[in-house]
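Here's a quick tour of a two-chain model. Have the viewer open, and we'll go from the interface to the chains and then into a few details.

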Amino acid sequence: MSARETAVRPAWKIALYRPETMTFMLLVLAMFGASALSPYFLDIAYILDSFTLSAEFAMVALVLTMVIICGEIDLSPASNMALSACLFAWAQSSGIPMPIAIGIGLCAGVVMGLINGLMVITLQLPSIIVTIGTLTLYRGLAQVIAGDKSIRVPDWFIGINNWIVLGTPFTVLLFAALSLALGLVLGTTVFGRQIYLIGTNEIAATHAGIRTKRIKMSLFVAMGLASSIAGLLTASRLGSVRYDLGLGGELQMVLMAMLGGTYIFGGRGTILGTFLAAWLLVVASTGMTVANLLPAVQLTVLGILLIVSIIATNFIYSRTQR
Amino acid sequence: MNLLRTLLIRREAGIFVMIVLFCLAVGVVKPQFLSLNSLRIILLLVPLILIGAMGQMLVLVARHVDLSIGSILGLSAMLTGMMFKFYPEIWWPLGFALAIGTGTALGLFNGVLVTYFRLPAIIVTLGTLNLYRGLTYIVSDAKQIDRQFVPSALKSMSQTSPMFGIPWIIFMSLGIAALTYVFVRHSQVGRQIFALGSNPVAAPLRGINAARVTLLVFALSGALAGLAGIMYASRWGFVNPSNTGNGFEFQVIAAVVIGGVSINGGSGSVLGTVLGVLLLGCVAAALPLLGIPGTTQSAIYGAVILIALLIDRSVRQQGIKSLTGRGVPA
């Protein structure tokens with residue numbers, strides 16, 4: 001196809017070929033499907049309430065989207081959530097004042113992100129294997145700290161997901177605000193464009209004077225911070241902390257990014273896509289729960305969805321790359 | 001200095017020294033660690049990991065990774081256990097055929113997705129890790145296969161021994177390691193795996209069928225995970241839908257990378273992998289003796305993976321330095 005022909009392609013056609021369109025259509029489809037299963041499903045309060053169960057993962061998935069666009073991957077956030085939450089819970093249960101305990105949790109998350117970043121960027125190790133290692137290590141350390149017991153958190157700390165602000169649960173609102181902020185950063189700032197450039201061609205980006213190492217490092221640290229915040233929010237929702245908090249969450253986070261059309265090889269993807277995919281996943285899994293499907297079946301469906309979504313995204317990009 | 005350098009470059013020797021030093025150090029604190037009995041404990045810990053590690057080694061050499069082996073192990077073991085449960089009169093060695101067949105099919109599915117859809121192995125196998133685990137719950141209806149259903153002939157493989165008081169499954173796993181050695185050193189396809197992993201662009205230009213080799217490594221990894229599945233049933237006498245094989249992939253990856261298999265593909269040896277597995281087995285056997293709670297195991301596996309990565313990196317840089325006589329280009 002020549003350049004001139006590409007130029008006359010109408011805007012609606014370009015929009016139609018975007019993976020976010022696919023995500024949006026699937027979301028609409030899932031809404032119809034789920035409401036056919038149960039008439040109560042179309043109650044907006046019910047959907048918002050279900051979303052609080054996944055809001056923590058969804059927040060981390062937003063940052064993960066940026067990491068993947070930049071050409072790296074992080075599989076350790078769910079373990080990071082568990083370790084930050086365990087450190088926080090252990091600190092406050094051993095008598096350290098709450099604000100400091102929360103600070104310890106958040107700092108731990110940042111440090112974990114830094115460790116990932118140091119191994120990947122400074123030592124030039126592949127992020128896939130590094131984060132498989134830290135996935136095991138962080139979860140293991142959480143187990144060392146918490147043992148097999150669950151640590152309770154103070155009563156006033158429990159139930160942040162039940163705060164209703166403007167008719168919306170607080171965590172959902174936080175997720176929406178974070179989506180908006182990160183969407184603006186990625187879509188409209190120089191920093192955001194630089195992330196896309198690094199993911200498309202890192203060597204070219206370096207030669208163009210982009211500080212690739214610094215940007216990647218900041219993304220890994222942001223990932224750590226987001227994970228620890230998510231860990232504390234989960235602790236507040238559950239009311240107690242165990243080492244298996246958020247176990248297997250990396251699947252859901254990667255799935256949200258992939259379903260939203262983030263290109264696994266980097267350089268493409270949007271926050272809007274991940275935002276829509278998070279809702280799609282919540283609607284789909286709530287729908288499955290309403291339809292009385294076993295959690296095991298849901299696990300299978302999530303696994304299939306992940307594979308199908310990367311095949312579809314790759315296909316869409318291969319069609320539009322010409 | 002020269003000796004140290006040889007040790008760093010000959011990774012197998014380095015791991016061997018690490019095993020000896022570790023055992024001596026533990027032996028100083030707890031003399032009973034240096035006994036035949038604890039050797040037996042160590043050897044009984046490793047057969048499953050050893051078999052899984054052979055497959056994972058091939059996958060890593062080909063520049064991929066297989067995260068789904070734990071779930072393949074679980075699903076194969078579950079299907080085999082259900083066969084024993086519902087057809088108790090069946091000839092029990094058929095269980096091996098079923099377990100290995102299931103594993104091969106599941107591994108091939110990974111391979112097809114990676115090869116023909118050009119997807120990264122890490123995401124594919126993260127998906128199938130959950131997919132196969134979910135299927136295990138579905139086929140088993142979330143019920144455990146209890147001890148009485150596993151044939152006693154199969155269970156006794158982990159207890160009776162042909163010689164030296166060493167049970168059958170250990171000989172089997174060492175046999176698999178020997179076969180893998182012959183395969184990667186002396187067969188054409190085995191060499192092709194290394195060629196493909198060293199340079200995925202050049203290998204097809206030399207006439208290597210990249211798709212076939214990739215499919216093969218995933219199928220082999222699956223088949224060996226399936227074999228590990230029936231051996232799990234033999235070793236522990238039960239199959240549980242959630243526990244069986246859970247976290248297996250991390251133990252195996254830890255053993256393989258500490259055994260000197262490069263995560264950048266194209267290099268690795270069977271001997272190194274076997275030693276890596278043994279080192280992990282020594283650590284696992286020493287923990288309870290030293291009074292360190294079992295909850296630290298997972299953290300240790302994670303730390304081992306990261307340390308092995310760092311060693312791998314420094315070895316590679318040493319190699320580049322000795323080849324070029326210069327520092328590593330930034």
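Two residues are in contact if their C-beta atoms, placed from the backbone, lie within 7 Å. By that rule, 34 residues of chain A are in contact with 35 residues of chain B. The elements giving two or more residues to chain A's side are α8 (127–146), α13 (249–259) and α15 (295–320) of chain A. Of these, α8(A) gives the most, with 13 residues. By class, chain A's side splits into 23 nonpolar, nine polar and two charged residues. Here Ala, Val, Leu, Ile, Met, Phe, Trp, Tyr, Cys and Pro count as nonpolar, Asp, Glu, Lys and Arg as charged, and the others, Gly among them, as polar.

Some housekeeping: this is a predicted model, where local features need pLDDT of at least 70, side-chain atom pairs count only at pLDDT 80 or more, and totals for chains, interfaces and linings use all residues. Residues are numbered from 1 along each chain as its sequence is written, while chains are lettered from A and ligands numbered from 1 in the order in which they are written.

Now the chains themselves. Helices (H or I, at least four residues) and strands (E, at least two) are DSSP runs, numbered from the N terminus. A residue is buried if 20 or more other C-beta atoms lie within 10 Å of its own, exposed if 12 or fewer, and partly exposed in between, with C-beta atoms placed from the backbone.

| Chain | Secondary structure | Buried share | C-alpha extent along principal axes |
|---|---|---|---|
| A | 15 helices and four strands | 50% of 322 residues | roughly 70 × 55 × 35 Å |
| B | 15 helices and zero strands | 49% of 330 residues | about 65 × 55 × 35 Å |

The radius of gyration is taken over C-alpha atoms, and the globule rule is 2.2 Å times the number of residues to the power 0.38. Chain B has 20 Å, which agrees with the value near 20 Å for a compact globule of 330 residues. As for contacts with a separation of 6 or more, residues 24 or more positions apart account for 79% of them in chain A and 77% in chain B.

On to helix packing. Axes are lines fitted to C-alpha atoms, for helices over the stretch in contact, and angles run from 0 to 180 degrees between N-to-C directions. Angles under 35 degrees count as roughly parallel, over 145 as roughly antiparallel, 65 to 115 as roughly perpendicular and the rest as oblique.

In chain A, helix α6 (residues 77–93) and helix α7 (residues 98–122) pack at about 155 degrees with axes 8 Å apart, so α6(A) and α7(A) are roughly antiparallel. Among the residues that meet are A:Leu83, A:Leu87 and A:Phe88 from α6(A), and A:Ile102, A:Gly105 and A:Met112 from α7(A). This contact has eleven nonpolar, five polar and no charged residues.

Over in chain B, helix α5 (residues 69–86) and helix α13 (residues 248–258) cross at roughly 130 degrees, their axes coming within 7 Å; that pair is therefore oblique. B:Ile69, B:Gly70 and B:Leu73 of α5(B) make the contact with B:Phe248, B:Glu249 and B:Val252 of α13(B).

Is A:Thr286 buried or exposed? It counts as buried, because there are 22 C-beta neighbours inside 10 Å. A:Thr286 sits in helix α14 (residues 271–290) of chain A and, leaving aside residues up to four places away in sequence, touches A:Ala34 and A:Ser50.
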